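User: I would like to learn how to read aromatic contacts in a model. Please take me through them.

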Amino acid sequence: MSNNVLAKSEWVEEELFCLNTGLKMQFMLLFSRQGKLRLQKWYVPLSDKEKKKITRELVQTVLARKPKMCSFLEWRDLKIVYKRYASLYFCCAIENQDNELITLEIIHRYVELLDKYFGSVCELDIIFNFEKAYFILDEFLLGGEAQETSKKNVLKAIEQADLLQEEAETPRSVLEEIGLT
Amino acid sequence: MPAVSKGDGMRGLAVFISDIRNCKSKEAEIKRINKELANIRSKFKGDKALDGYSKKKYVCKLLFIFLLGHDIDFGHMEAVNLLSSNKYTEKQIGYLFISVLVNSNSELIRLINNAIKNDLASRNPTFMCLALHCIANVGSREMAEAFAGEIPRILVAGDTMDSVKQSAALCLLRLYKTSPDLVVMGEWTSRVVHLLNDQHMGVVTAAISLITCLSQKNPDEFKTCVSLAVSRLSRIVSSASTDLQDYTYYFVPAPWLSCKLLRLLQCYPPPEDGAVKGRLVECLETILNKAQEPPKSKKVQHSNAKNAILFEAISLIIHYDSEPNLLVRACNQLGQFLQHRETNLRYLALESMCTLASSEFSHEAVKTHIETVINALKTERDVSVRQRAADLLYAMCDRSNAKQIVAEMLSYLETADYSIREEMVLKVAILAEKYAVDYSWYVDTILNLIRIAGDYVSEEVWYRVIQIVINRDDVQGYAAKTVFEALQAPACHENMVKVGGYILGEFGNLIAGDPRSSPLVQFNLLHSKFHLCSVPTRALLLSAYIKFINLFPETKPTIQEVLRSDSQIRNSDVELQQRAVEYLKLSSIASTDVLATVLEEMPPFPERESSILAKLKKKKGPGALPVSELEEGKREGGGELNGGADRGNDMSAAASNASTPSPSTDLLGLRSAAAIGSAGPSTGSLLVDVFSEAGPTALSSGVNDEGFLRDLEPPTESSDSLLIEAPGESDSEDSAPPLPESDELLNKFVCKNNGVLFENQLLQIGIKSEYRQNLGRMYLFYGNKTSVQFLNVQTKPVEPLVEGGAQVQQVINIECLTDFSEAPLLNIKFRYGGALQNITLKLPVTINKFFQPTEMASQDFFQRWKQLNLPQQEAQKIFKASHGMDIELLKTKLLGLGCALLENVDPNPENFVCAGVIQTKAQQVGCLLRLEPNAQAQMYRLTLRSSKDTVSKRLCELLAEQF
């Protein structure tokens, strides 16, 4: 039994390795200073188990680093680029030969997008409107590659969707909202 | 209120999230979640049909629960239902759920694909984008099967909206990476390239990622993208910071697009078109210039974006590796960053310089920063930066700075982080070996390594030092002395005891003359460590003891006493007990002769790639080492080997293979069909199709090829001759050009006649040769290093069968007809694992092999020297000593050369003079040699005079490589 588990996880690592030659960004994680995961976006197919293992390991590694240290570190055969904004850590995994600085600015642009959309974003916005955070990310990055880097264009797309939403919604009773009906 | 709450009505979700956040413990959270899951389950199962809004809300709650890290095993169907909703928000949540939680439930996939198909056909750009995002997020094979044909059409259709094009490009990229076979190139590919010209910067940004990936796999088909990319880049680089409006990021125009363009160009060699190339070089220069301009903003985003482009440009410059001017400018720029106050920039500069160090144009420029890098290794506060500094030191190391770098790395090791110690140890060991000019320095370094970081010294490292000491007799005495001293430390690492035991057991006699290290002192020192060591080390020490009995008969009673003690002879460990019993018996019954034979000094280890280099490669992956190093492997200096145990394995593998040949792995490698018949075995499994030929250059220098090949040619014109390419007929495309290292290999044999000529993973070629006058005989031993049986189809000179692990022998008779300077070529072809192996080596036959030594007195020597006074009769070279200036070693080499070493001829006793006659069939050429060492400058002056100018010249060339 334990042998099986080992074989499985080795296989998964191999899979991750194979895919390294492909995607630019492998995954993006947002987590709090307390180590709570707030957003996870995976651009490589991994099992849930492997995703949890990676998350645990990385959160631990990044949180252990001191403030003035550099924003890049080698991890397995990937490179981690991270930056802290207030209580949240934004953390991306890229391939070894990829450009670290531009990835750092990908993070920053995403933060700007969230900030503009939510109006001075804080961790709570991302917790309560997690689906919006995912939608904004999809407009900005697709498949791990920058799709649209203009702040205006991304926000325009999201606002248009919000307009569609507004037209579609009709007000509901409070009881119904809470889920008591 | 944030904009988001405007239309968002899922208050139930917000309440649930608040509840979870208010949970005081993990148990409370799980309880709350289970309650919610039960509620949702009952809603989904209930009789009352749920409206779209409720479905959306519950699906979103499930998603939230899943993202918290809990398992979700239902709700997929409801999510799929949302996909076909007409309401955008419901559709959106449905797609999000599917993107995050899809599994390969085949029925669901069909439903999902169906919904996607409808949305793609809807002509509603918002719906189309949602569907494309979903495909890109999931990227499964099933989706590739369904949509790989459709998406290229959407991408290049004239009426597709820009935002849809962007999503389609990246969606296609994802599918291409998952299932490249399903994305069929076609008419659309050329139109994709032209998206680089698109007016919409967002479309270019998305499309270029796709184009880069496609170019990597099909470079020819996408070649046109190079000039398009260059002109796009040039427009961006030369634009003012406001020109690109929202694509300007902190005063930097389109940084993401610029980086992607520079990355795309790295898929191709430098542009051939002069105009395109000129424009590109201009761009790169502009980027380098901008780095020197004052920043337009103090924000870190500005400098990051600017430097991101700069680093990508430097990568391109390194990739081209053809513009010395740009390479040196890049290096200077990185040099500035090495001292930057931003840790990130220091890190990246160190990393980027590593690749610059491997370019011949910038290697020297990188080396000038050595002090800064060493300082970084000592003072950086972040281990990842220190690691980069260590990597760079390793990359910039060469003969000129090896001692300094190794010393710095050693001293850093004392305080190095545990995480990088093992790698550092390997690197130090490799550098010490690779650049060892004198091997006592090498021995000191490795022993220091063991002293400082014993725990991190892997087996490979201490095996290696023993291999080298055994193979180099000039360092054995020193090694024995040093290890003896090291063992005197009160606490020494077990690895030190292993090295000490092995070396004293072999070479303890070299220091036994000194009463401070007399045999008994040596033994007592080793034995004082015995009880602190693990079983394998104790076993090694027992072997060292029995070797002592042979080296120093006077220690026999003491050692026998030790072996006889209960703690040895009745040891609970069976290996130790057996050794004690057998060694005791051996020492008491065997005669001195037998003992001397059994316990003879270990023979030199055969050369092979350094096992530590292999280990580092394995650790870091092949990309981690500069290419030159991989190829160089490790040729200079001492021999190599993996330890006796390895050899044992080889032998047992050979033995077992002989009894069970595996026909399935045998391969047919015949050069012609006719040969099968002639060779006999119709199931001809193959191998060594050996034939030898004189290279065309040998022809031009007047060598009669046949003289070299006499024995290889069959005596009569039998069918066998089909197998042997007649030298004149062999076309050059058939045999590989000589290996790059073949000259170096040749040089190894100038002063010796026996040894290993060549070795790779499959084949080892050993050589034994003897010469008399103008004749020579060479025995070539082809060793099959694999465990696979080889069958030889060439029956004449070589045994027909080459067993796994076995050897066959080939004899070549050589006759020197006239003097020559190019060595004959030896071409070996065989098939292994289906691949034709084609190796061309230079046969180590050099003109000096035909030397007859001539003894003469001082007077005669100088008389002849003066006679040979025509300028062309003399050849002279002044060169730096590359192997140390040990007198005994020099003498051995000169004697190995084949001429007579004349004593008391030169008035300066430091100098060497030699005389001999080169015997060829056509003529005899008298040669005189004078070698003047200058120990202070570590230089030699070598002068050769002979009656034939070509001979003087050639001998001078050959010899200059030897000292």
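**Aromatic rings**

Analyst: At 0% relative accessibility, Tyr545(B) counts as buried (under 20% relative accessible area; exposed is over 50%, partly exposed in between; 1.4 Å probe, protein chains only). This is a predicted model: local features need pLDDT of at least 70, side-chain atom pairs count only at pLDDT 80 or more, and totals for chains, interfaces and linings use all residues. Residues are numbered from 1 along each chain as its sequence is written, chains are lettered from A and ligands numbered from 1 in the order in which they are written, and side-chain values use heavy atoms, without hydrogens and water.

User: How many aromatic pairs does the structure hold?

Analyst: A pair of aromatic rings is described by the distance of the centres and the angle of the planes. Rings of Phe, Tyr and Trp (its six-membered ring) pair if their centres lie within 6.5 Å; planes under 30 degrees apart are stacked, over 60 edge-to-face, the rest tilted. Over all chains there are 25. Take Phe523(B) and Tyr545(B): centres 4.8 Å apart, planes at 70°, so edge-to-face. Phe523(B) is buried, at 1% relative accessibility.

User: Is Phe862(B) buried or partly exposed?

Analyst: Phe862(B) is partly exposed, at 25% relative accessible area. Its edge-to-face partner is Phe861(B), 5.5 Å centre to centre with 85° between the planes. Phe861(B) is buried, at 0%.

User: Which charge lies over the face of Tyr439(B)?

Analyst: A charge sits over a ring if NZ of Lys or CZ of Arg is within 6 Å of the ring centre and within 35 degrees of the ring normal. Here Arg472(B) does so, at 4.1 Å from the ring centre. Lys427(B) lies over Tyr394(B), at 5.3 Å.
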